Amino acid sequence: MTDPRHAALARLRQLANRPGGRRITPLFAADPERAARFTAGLDDLTLDFSKSSIDDAARDALLDLADIAGLDDFRRRMFAGEMVNPTEHRAAMHMALRAPAGAGLSAQLAGVSEDASALASAERACMRAFVEAVHTGQKTGATGARFTHVLTIGIGGSDLGPLVATEALTFGRDHTPMQARFLSNVDGHAFLQATQGLDPASTLVLVASKTFTTLETITNAHAARAWIADALGEGAVSRHFAALSTNLSGVAAFGITPEHTFGFRDWVGGRYSLWSPVGLVIALAAGWDKFQAMLDGAWAMDRHFRDAPLRQNLPVLLALVGIWHVNALDCATHCVLAYDERLRRLPAHLQQVEMESNGKRVTLAGVPTTWDTCPVLFGEPGTNAQHSFIQLVHQGTRVVPVDFILVANPDHDRPDAHRALAANAFAQAEALMVGKSEASIRAEMAVKGATQAEIDAVAPHRVAPGERPSNTIMFERLDAFSLGRLIALYEHKVAVQGCLWGIDSFDQWGVELGKVLAGGILPELTPGTAPGAHDSSTNALIARFRGLRRES
């Protein structure tokens with residue numbers, strides 16, 4: 001049976017291939033109300049997707065695809081805690097992590113329904129008690145010193161989300177409850193940098209790993225354990241470590257006590273876990289009130305995504321624009337530019353949320369897709385990006401859609417700087433759309449007195465073709481609530497796109513493969529071991545590595 005998505009996606013391509021179907025500026029010329037009609041909002045949060053080549057016919061066709069893919073039913077099943085991650089037989093109920101205790105969200109686990117809201121609320125209460133005990137000095141290190149620093153060890157979803165949130169909520173603040181550092185890379189240089197200048201006596205170490213077996217995390221955790229034990233004695237380990245994990249036996253064997261162990265259920269995926277105990281560092285560094293406000297913001301977006309009609313639904317609209325760019329316009333990349341230094345690591349988090357979720361080539365039916373799925377995502381803070389890769393976005397051979405993220409009111413007292421920042425964001429979006437023609441460049445150069453030879457030589461190089469799409473996401477100020485709302489917006493966008501592409505957005509088997517192979521190779525890098533059964537290139541590289549280390 002032919003997947004009905006084929007016809008819907010073919011219709012999108014037909015619309016894009018109409019004469020002028022990829023152009024944006026004529027749409028504004030034809031419709032003075034275009035900006036208003038292709039903008040949607042939730043309170044102070046605005047999504048302007050008018051600078052895309054989507055017209056009414058394309059929007060209708062995209063909504064038709066959503067109907068064909070069963071998006072309404074997908075939303076219902078997701079919030080009902082049904083199994084939307086079939087390859088791992090799991091629900092995806094991270095929304096329960098930020099919902100109030102009485103929200104009534106349930107999740108199916110091993111065929112049994114459990115009250116996910118209540119479970120998450122109970123774990124939050126334990127987290128809050130721990131945070132308050134640390135902040136008030138009820139919990140101290142082995143010497144009696146109060147904890148001033150928290151070192152979080154994790155990788156992927158156990159690192160990027162908490163890192164983004166912690167940086168955003170503590171950036172530039174002199175007085176925060178604790179100073180936070182993060183360690184993810186197994187490279188020993190990263191450990192040296194993460195612990196440089198830290199006093200073990202006043203450092204609390206969080207080990208974030210659901211399974212407590214992730215190679216990089218456990219390697220770093222043992223290095224941190226030795227660092228604490230060497231300085232303070234073996235008995236200090238239980239006072240200075242906490243675990244964010246479901247592997248209670250592994251945690252206990254490491255030396256971490258049950259009262260310092262915080263767990264979460266299998267319906268919480270790693271890249272959606274910053275709302276769970278994995279986000280404990282956020283509460284420790286920024287304060288519990290900010291952590292709770294972040295959860296509240298995400299829950300506001302959850303309710304909007306669950307309840308709003310598709311035509312006014314921000315995650316749905318953001319997802320549909322992305323589908324248009326990938327499947328109608330053949331865009332293979334996507335750029336996120338946050339014009340706020342506090343969000344400098346947001347693109348890195350979204351890289352994982354999007355590409356680990358939707359970097360798939362097989363449908364839920366177990367057959368290869370015949371359409372493209374997730375684009376490659378990249379980004380940097382504006383205005384830095386304008387002086388690096390934005391050159392390619394303006395004049396490169398491939399169209400790169402951009403999300404511009406802008407905050408109206410900063411938390412500093414330099415209004416002129418913020419106006420300059422905003423001006424650059426608006427100018428970049430406009431420049432991508434309108435471009436600059438060779439005729440106008442030639443005329444400008446002539447007015448400035450350039451010779452005809454110079455004009456002929458230079459003008460073609462200055463042409464910017466324009467008609468390049470962007471979204472603008474803008475809100476009043478960056479605080480804990482708006483941060484939670486923004487991250488949840490992108491989480492749900494990704495889930496919508498997975499539904500429309502017919503893939504499982506909640507598994508990550510490609511990641512698991514690399515973990516397994518690394519575990520097999522690691523013993524072979526030890527002196528005196530025999531090489532394994534690898535391809536000739538891998539065997540030669542292992543031998544070369546050992547030779548360069550001059551180990552027998």
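F130 and F262 are both buried (under 20% relative accessible area with a 1.4 Å probe and protein chains only; exposed is over 50%, and partly exposed falls in between). The model behind these values is predicted, with local features needing pLDDT of at least 70, side-chain atom pairs counting only at pLDDT 80 or more, and totals for chains, interfaces and linings using all residues. Numbering starts from 1 along each chain as its sequence is written, and side-chain values use heavy atoms, leaving out hydrogens and water.

Searching the whole structure turns up nine aromatic pairs (rings of Phe, Tyr and Trp, the last by its six-membered ring, with centres within 6.5 Å; planes under 30 degrees apart are stacked, over 60 edge-to-face, and the rest tilted). One of them joins F130 and F262 edge-to-face, at 5.3 Å centre to centre and with 70° between the planes. F130 sits in helix 6 (residues 116-136) and F262 in strand 9 (residues 261-262), so this pair ties together parts 132 residues apart in sequence. Helices and strands here are DSSP runs numbered from the N terminus (H or I over at least four residues for helices, E over at least two for strands).

F378 and F389 make another edge-to-face pair, with 5.0 Å between centres and 80° between planes. Here F378 belongs to strand 11, while F389 is in the loop between strand 11 and helix 16 (390-395), eleven residues apart. F378 counts as partly exposed at 21% relative accessibility, and F389 is partly exposed too, at 22%. Elsewhere, ring pairs gather F212, F241 and F254 into a cluster.

Six strands form an open sheet in the order 1-2-13-12-10-11, with mixed pairing. Strand 1 (39-42) and strand 11 (376-381) are at the edges with a single partner strand each, so one side of each has no neighbour in the sheet. From one strand to the next, the twist averages 15°. Two strands count as paired if DSSP finds at least two bridges between them.

Strand 12 (residues 402-409) is mostly covered, with six of its eight residues buried. Strand 12 pairs in parallel with strand 10 (residues 333-339) over five bridges, and seven bridges join strand 12 to strand 13 (residues 470-477), also running parallel. D403 in strand 12 is the bridge partner of V336 and stands opposite N471 in strand 13. Strand 10 also pairs in the parallel sense with strand 11, over six bridges, and C335 has F378 of strand 11 as its bridge partner. Helix 15 (residues 346-358) lies across strands 10, 11 and 12, at about 165° to strand 11 (axes are lines fitted to C-alpha atoms, for helices over the stretch in contact, and angles run from 0 to 180 degrees between N-to-C directions).

Finally, V278 lies in the loop between strand 9 and helix 12 (280-286) and counts as buried at 1% relative accessibility. Leaving aside residues up to four places away in sequence, V278 touches G157, S158, P162, A208, L244, F264 and S273, where contact means heavy atoms within 4.5 Å.
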